[in-house]
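I hope they are handy while you have it open on your screen.

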Amino acid sequence: MQVTRLQSIAKTAVPGALALAAAFAAPVPGTAQQYSVRGVVQDSAGVSLSGVMAVALAKPDSVLTQFATAGPGGQFSIGRLGPGEYILQLTLIGYATIRQDFAIADSDVEVGVVKMSTRAVELDPLVVSIDHVPFLITSDTLAYNAAAFEVRPNATVEELLERLPGIEVDEDGTITAQGEEVENVLVEGREFFGDDPTIATRNLRADAVETVEVYDRLSDMAEFTGIPDGQEELTINLDLREEAKAGYFGMIEGGLGADLVEYPDVPLGSSPVAGRDMLPYNGGLSLFRFDMRTQLAVLGGANNVNSGGFGGVSFRGGGGEIGGGNGFSESMNGGVNFSSRFGENSSVETSYFLGMRDNRSDSQIKQQLLLGSDVTSHMDRKASDLSETDNHNLSLNARWGIADGHDIRLRGRMGISAALTTSNSQQETRAVAGDVLNSALTDRVSERGSTNGNAVLTWRKRLADNGRSLFAELRGNLSDSEVETDLESDIKGEGIGREGQQDILQEQTSVGQTFTQGLRLSMTEPLSAMSQLELFAETRSLMEDEDQSVWDLGSGSPVLNDEQSSAFERTYSYLQGGFRLNASTSDTRLTLGLRVQGSNLDGHIIDRDEEITNGYTHWLPTADYRIQVSRQRQINIRYTTSTQEPSLTQLQTFTDNSNPLNIYTGNPNLTPEYRHSIRAEYRSFDMFSFRNLFVYVRANYLTNNITQSRTVTEAGIQSRMPVNLGDSWNIGGWASFGTPLRFMGADVDLDYGLNFNNSQEYVNGDQNDTHRLVNTIGVELENRVKRTVDVSVGVTFDMNDVQYSLSEELNQNYVNTRLNTRAAVYAGAWYLSSQFSYRVFDQDVYSDGQDVAYWQASISRRLLGDKAEVKLAAFDLLRQNQGVNFTNTASYIQEERVQVPGQYAMLTFSWNLGFGMMSGAGGGIVSTRGRG
């Protein structure tokens with residue numbers, strides 16, 4: 001049970017937290033007299049109680065001022081208290097918490113004998129944490145107390161995560177915690193609809209969650225042996241409230257709206273720009289059943305307001321992807337998730353979901369291109385893309401506990417997808433002086449089908465109580481795909497084809513298959529009570545084949561294009577062995593490891609009867625160090641090395657001319673990259689002053705870097721090929737600091753990010769070195785007491801500096817700015833909200849660029865005892881919304897603008913299923929507990 005887990009954490013974390021809190025508490029001025037409060041704690045029978053935690057909380061905000069622990073006779077004395085009003089709080093495991101007010105004027109206070117009565121359910125040790133502390137940090141887990149962070153009634157988990165310090169949620173649902181992307185979201189420690197975090201965060205209600213835990217999820221092997229193996233995945237686990245684990249809950253909701261803007265009918269390629277072909281709508285169903293052994297979830301949804309996937313159940317701004325988006329989307333989806341635990345260590349978790357999505361994207365792209373040592377150009381591209389995709393996904397995670405310390409686990413996933421894509425584009429490349437170098441009108445229709453699946457079978461057995469164990473893992477992965485493409489393109493430009501024109505009419509097919517298998521064996525041996533040694537060996541093979549056939553149709557009948565057709569097979573085989581040595585104390589952990597990897601490549605270009613054979617040996621050291629400086633401060637440092645083999649696309653000689661002005665050809669002579677990576681992070685939380693600081697720094701150094709060599713003709717047509725070119729490196733970092741500003745009743749969060757990348761490429765045989773530096777500064781201010789009003793204001797500056805050694809005139813230094821404001825008012829059953837974003841794009845990049853302001857607002861009313869809600873929302877009130885994306889690479893700086901849903905209004909109705917939880921707490925915001 002989560003209460004038991006938090007209780008255990010509190011037993012060890014709270015005393016240290018109290019000490020740190022006292023250090024952060026506001027000092028009493030030296031001229032002010034200091035006093036103390038004293039007393040004796042006994043049980044109901046008059047027996048003295050030792051070890052009782054006595055805490056003095058200053059009114060009115062319940063801020064911890066000082067603390068003490070009762071001695072063997074039950075006596076306690078809390079000193080260094082200035083005049084004022086306080087709350088005395090006494091806690092001890094197994095006893096009901098005692099709270100009583102007292103005031104200090106000009107003398108010490110005696111409270112006498114205080115009697116504590118026993119409790120059957122030991123919740124009281126958590127009172128400090130639950131009522132006043134928003135988070136606890138242990139050696140490997142950061143636990144947020146959901147009750148300490150207010151959200152609106154009927155809010156989703158995603159909205160709760162947005163309130164948690166150190167966690168950010170992008171508009172597409174991507175979650176970043178402490179600067180790193182979250183890969184998994186679990187519910188009660190169990191997988192929930194596979195590995196898509198948004199399914200849980202956008203469909204589970206926030207008031208069902210008791211605790212949000214953030215930690216590095218270990219691999220099956222590391223979980224069993226206790227030795228880190230570098231395969232950790234940043235994970236969020238949602239522990240539910242007891243009410244949510246008794247019975248069922250969920251929501252039915254639906255909405256219908258109207259577009260308030262007419263979309264232009266402007267020719268683009270061979271298709272017109274179009275908006276929605278029907279009224280905006282959004283609807284969904286979510287139903288959950290959780291208990292100690294079983295989880296069941298059923299989800300379904302449909303919408304045409306760009307809420308893709310299962311996110312359609314949540315009305316997160318509707319089509320309000322502020323300043324972003326990918327056109328117009330309509331989606332339908334449904335799925336079921338089931339898990340059950342049986343026996344002592346046996347369980348099964350499985351899910352299936354189906355997603356169907358149609359998307360229309362009309363975009364305009366501007367590029368500043370580096371074409372050589374003395375040539376630059378500007379490229380303009382307009383495109384209209386239509387896509388229809390269907391996806392089926394099935395996942396399984398089963399574990400069978402044979403005996404204590406002996407189990408078998410099977411993890412598997414399978415996916416089937418089909419897609420039909422139609423693309424019409426118009427592209428023009430101009431010299432700096434304005435002369436047209438080339439142009440192309442291209443129509444492309446592609447139909448793709450793919451099947452993929454993977455399975456991991458794990459056997460684990462502990463041989464002795466001292467930790468000696470055996471581990472075996474068998475892996476398999478299979479993917480199969482087939483693509484058929486019809487390509488038609490009309491290219492014009494000096495030096496192109498006959499008389500400056502070339503017509504391409506082709507039918508292309510691509511059939512590929514990949515199969516990977518591997519076996520790993522390891523043994524762990526304890527060297528002492530605090531150290532372990534792991535020895536392991538692994539064999540793995542990767543087999544790929546791909547057949548690309550291109551048929552020219554210009555003559556009326558298909559003619560095989562030998563130059564662009566290719567068939568390729570390759571097999572990578574690996575054999576590696578090594579060790580890991582782990583040593584730890586109560587506060588530190590050090591893991592050192594070394595792998596020796598031998599790999600062999602056997603490739604065959606079938607149509608040319610050409611063989612490619614290479615062998616490589618790599619030494620791969622690793623190191624992992626963690627120190628718990630205090631209960632609230634932690635430092636982690638990790639060093640890893642790895643290799644990256646070239647992909648089949650990079651190796652094969654097939655020519656990809658899907659963009660006839662930018663042609664790609666593989667290179668069979670590529671060799672693997674070798675990467676050194678180091679990451680260091682510092683975490684600090686003070687549970688009572690509410691100050692938090694996260695800092696991380698990462699650096700990568702690549703040898704034998706795979707980059708590209710570009711050849712550019714005078715007509716501006718590019719041909720690209722991957723090559724190994726020297727070394728490259730990058731460094732990045734992120735820091736976040738948050739603290740309350742009690743004098744103004746606000747919280748402030750400061751963020752800083754740094755990313756520097758150094759890379760190279762060849763352009764017409766000359767090496768170009770590119771340096772890209774991005775500095776990001778963000779500030780957000782929000783009010784602390786949110787019972788009736790919730791307001792936040794934030795601003796972010798992205799400062800970009802891009803330099804090219806070949807063409808300094810292409811160097812860019814620009815700043816993009818984003819302002820965000822959010823406001824909400826809680827008036828009984830009424831809820832009013834407004835969100836405004838303003839993105840300012842540096843005019844030095846594209847002088848005719850347009851800034852984007854986006855404003856959405858809504859009003860809602862809860863009905864029928866808070867079981868139902870009616871909401872009227874309006875989006876893009878200023879009629880400026882559009883998707884804007886900036887990209888800078890070693891070859892170009894690009895601005896992309898995509899038409900997205902404009903101004904519309906929607907009326908929605910939702911009905912809560914199952915228990916009411918805290919929907920109507922206080923008639924306003926959910927949770928009114930103190931935040932320090």
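1. How many bridges pair S44 with strand S45 (residues 812-827), and in which sense? There are 14 bridges between S44 and S45, and the pairing is antiparallel. Two strands pair here if DSSP finds at least two bridges between them; strands themselves are DSSP runs (E, at least two residues), numbered from the N terminus. Within S45, Thr-821 is the residue opposite Val-793.

2. A word on the ground rules. This is a predicted model, in which local features need pLDDT of at least 70 and side-chain atom pairs count only at pLDDT 80 or more, while totals for chains, interfaces and linings use all residues. Residues are numbered from 1 along each chain as its sequence is written, and side-chain values use heavy atoms, with hydrogens and water left out.

3. Staying with S44, please look at its other pairing. Strand S43 (residues 766-783) and strand S44 (residues 789-804) are joined by 13 bridges in the antiparallel sense, and the two make a hairpin with 5 residues between them. Val-793 in S44 has Leu-781 opposite.

4. S10, S11 and S12 form an open antiparallel sheet in the order S10-S11-S12. Strand S10 (167-169) and strand S12 (180-181) each have a single partner strand, so one side of each is left without a neighbour in the sheet. S10 and strand S11 (residues 175-177) share 3 bridges, and Glu-168 has Thr-176 in S11 as its bridge partner.

5. On to the rings. The structure holds 12 aromatic pairs, counted when ring centres of Phe, Tyr or Trp (its six-membered ring) lie within 6.5 Å, with planes under 30 degrees apart called stacked, over 60 edge-to-face and the rest tilted. Phe-288 and Phe-290 count as stacked because their ring centres are 6.1 Å apart and their planes at 15 degrees. Both are buried, where buried means under 20% relative accessible area, exposed over 50% and partly exposed in between (1.4 Å probe, protein chains only). The two also belong to an aromatic cluster with Phe-192, Phe-193, Phe-249 and Phe-353.

6. A tilted pair is worth a look too. Trp-729 and Phe-756 are 5.1 Å apart centre to centre, with 40 degrees between the planes. Trp-729 belongs to strand S41 (residues 727-741) and Phe-756 to strand S42 (residues 746-763), so the pair ties together parts 27 residues apart in sequence. Trp-729 is partly exposed at 36%, whereas Phe-756 is buried at 18%.

7. Arginines over rings also deserve mention. A charge sits over a ring if NZ of Lys or CZ of Arg is within 6 Å of the ring centre and within 35 degrees of the ring normal. Arg-520 lies over the face of Phe-536 at 4.3 Å from the ring centre, and the charged end of Arg-540 is 4.1 Å from the ring centre of Tyr-574.

8. Finally, the charge pairs. The count is 30 salt bridges, each a side-chain nitrogen of Lys or Arg within 4 Å of a carboxyl oxygen of Asp or Glu. In one of them, Glu-110 and Arg-38 have their closest N and O atoms 2.9 Å apart; this pair links strand S7 (residues 109-116) to strand S1 (residues 35-43), 72 residues apart. Glu-110 is exposed at 54% and Arg-38 partly exposed at 28%. Arg-163, Glu-782, Asp-790 and Arg-822 are linked in a salt-bridge network.

Notes. Helices (H or I, at least four residues) and strands (E, at least two) are DSSP runs, numbered from the N terminus.
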